[in-house]
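Q: Please take a close look at the aromatic rings of this model. How are the ring pairs arranged, and where do charged groups sit over rings?

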Amino acid sequence: MEKILYLAHTQQDGTLPKVALETLSAAIQITKDLSGSTMMVGLIGQNIQPAADAIAASGASKILGVSGADFAQSRYGSDVKAAEAIANAAGATLIIAPATSRFSRALPGVAFRLKAVIDTHISGIQTTGGTLQIQRWYYRQRMIATLSRTARPWMLLVDSGVFPVWQGAKGTAKVEAVSVALSEKEQRTRVTGVEAPSADAQTIRPDAALLFVAGAGWTKKQPDGQTHSKEAETLILGLLHKAKASLGSSKSLVDQGAEGEAVLSFISHLNQVGQTGATPRHPKGLATCCHGEEPHVVGWRFINERRAVNLDANCGWAQGKADVLYVADAFQVMKKVNELLDKS
Amino acid sequence: MTTAFNIVVCGSLVPDPLQTLEPIQGPTGPALKNEMMLPSVLDPWAGHALFEAANLAKHHPGTKVYLVSLGPKAKLQQLMMTIAQKVPFEFVCLDGPASGFLDSREVAKALASAIEKIPGLDKTKLLVFGGYSSASRDAGTTMQMIAEQLGISDVFLGADELKVQPDGSFRIMERIEGGQYQISSCAGAPIVIGWATGNLPEPPNNPQVGMANMRTIMPALQKAQPAALKTDGIQYASVQLPQQQRQTKIVKDTPVEEIAKEIVAWIRS
Ligand SMILES: Cc1cc2nc3c(=O)[nH]c(=O)nc-3n(C[C@H](O)[C@H](O)[C@H](O)COP(=O)(O)OP(=O)(O)OC[C@H]3O[C@@H](n4cnc5c(N)ncnc54)[C@H](O)[C@@H]3O)c2cc1C
């Protein structure tokens, strides 16, 4: 029997982010599975009423909220204070929240203040014999653990893409305001803006159907003894545009940029996939001129269908890391792929 | 105006990513097979934090950089052979496990109390750096808990840039959703930052820096205190390697045309 608090924050437009609605599904499921449990909702943001109305049918016994201009933006000092106040008002034993950048930064601090335990990057939740168990990865997607904790409160930060988006009718929700006053010390930081990457190619777009990964081979000497970086740029940008794919990269290719070598102008570290980069969740991934070494491929853990084009029949992709490996010259293959995509 | 900072970087070792890892059941919970024998590297994001700290120190004369590491003493000693040549720092060593299966709260407690004990540390000039998350536990929770213990209320996570402004304030770029950056302005020290990759290349080895660092590294290793960490907070039901092996179909000696057709059909399917 748990007192469950589902905690979320609004976005700039007052709505809840997708991962928050996914996490609400998780919270409702847990409340059902652990019999006798109740669920409360806690919301943080500038104006939280629209978000509260949107989830009015979630079955929450109470909706607590901290709102106002001080809580519009993602700032550690104010976010920790707001979440702490809601958690205290709720007296929750389980706190379930989405792993947004804002909460990933703030909630570990809240856990410390509440003398709570916390787990992040949760990729699965189940109840076995009345015990709540979570799944999360260790050593950067290299092993997966199932674990539980007896200490309470227990905070759970749930990753995106794990639960279905909650759907329910809008209503008129009553929000119980929790008042929070900020000290001067908690306002030393001001958010001054948001910067988008300058070009489409400079970041991994999570909404694309295809992740196109470029490796260092694109800038290496080719069989004719020359490098062909310009041609590589044209082929890659062509594919991204025509297939509406998102661009990922290996570390080697990214590092060449940092070291000032002649490289693909649009690649930045935001494209890097792998152990020290991103772990994207696209349904399909196509790797080209990338060797498929373990530190890179751990970043592919959540990519369902994987294909690779490489000159080397013994590259990493051949060792059970891709569904299909085409042993061929990526320059020739991608040129043809672009032509075919153009035709239809 | 230039300010001299006291920068404390928290970072330890993780298994070399090229090693194959295998989980086993140890006396106090899950562990890695042959953990003590596995070659290790400085935790990558913490490494970037160290390079950022050194770069800041270069531009702000009088700045001191400390590296606080919790890990098995013998392995930290090995790690120092490579790290010491990179950038100047003073080493603070905590002898204990570097396992990803530990609770971050225990790790944060040990690190925060080690920071508190650094002689002559000026908390008004304090910047505590660490990685966005570790490559072992990958939780991204330790730095915030250190901040709470040190009473620091400005914390940034996934930062790629810190610029000291002419008025002494900081401009910080943090990674947020959708490949975007949030830009914040903070009045100044003290702050805590969990760094992502930043924008600096790994510094080349410099034997002179290595020699200078060794003067503090050896004594730090010698007087390293064992860190008492509780291991009973988490009940692990299982730790497994993912079933990731696929039946790779290898397409060889096939005309480019055919390969391209197949790829296009697959993209569209
Ligand atoms: C601590 C640490 C962390 C790391 N983290 C990451 C990480 O997060 N992400 C990551 O990617 N790596 C990471 N690495 C590096 C990783 O081990 C590899 O070095 C890197 O992934 C190699 O990149 P690559 O495959 O692009 O380059 P290379 O190894 O240089 O491979 C280039 C490939 O291109 C192929 N090629 C060349 N020309 C053609 C052509 N015309 N057509 C088809 N194929 C061609 C070659 O056959 C070769 O396989 C990490 C390493 C360490 C030590």
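A: The following account takes the ring pairs in turn and then the charges over rings. This is a predicted model, in which local features need pLDDT of at least 70, side-chain atom pairs count only at pLDDT 80 or more, and totals for chains, interfaces and linings use all residues. Residues are numbered from 1 along each chain as its sequence is written, chains are lettered from A in the order in which they are written, and side-chain values use heavy atoms, without hydrogens and water.

Over all chains there are 10 aromatic pairs; rings of Phe, Tyr and Trp (its six-membered ring) pair if their centres lie within 6.5 Å, and planes under 30 degrees apart count as stacked, over 60 as edge-to-face and the rest as tilted. Trp137(A) and Phe302(A) are edge-to-face, because their planes stand at 80 degrees, with the centres 5.9 Å apart. This pair joins distant parts of chain A, 165 residues apart: Trp137(A) belongs to strand β6 (a DSSP run of E, at least two residues), and Phe302(A) to the loop between α7 and β14. Arg281(A) lies over the face of Phe302(A), 4.1 Å from the ring centre.

A further edge-to-face pair is formed by Trp218(A) and Phe331(A), at 4.8 Å centre to centre and 65 degrees between the planes. Both residues of the pair Trp218(A) and Phe331(A) are buried.

Ring pairs also link Tyr138(A), Tyr139(A), Phe101(B) and Tyr236(B) into a cluster. Finally, the charged end of Lys284(A) sits over the ring of Trp266(B), 5.7 Å from its centre; this requires NZ of Lys or CZ of Arg within 6 Å of the ring centre and within 35 degrees of the ring normal.

Note on methods: Helices (H or I, at least four residues) and strands (E, at least two) are DSSP runs, numbered from the N terminus. Buried means under 20% relative accessible area, exposed over 50%, partly exposed in between (1.4 Å probe, protein chains only).
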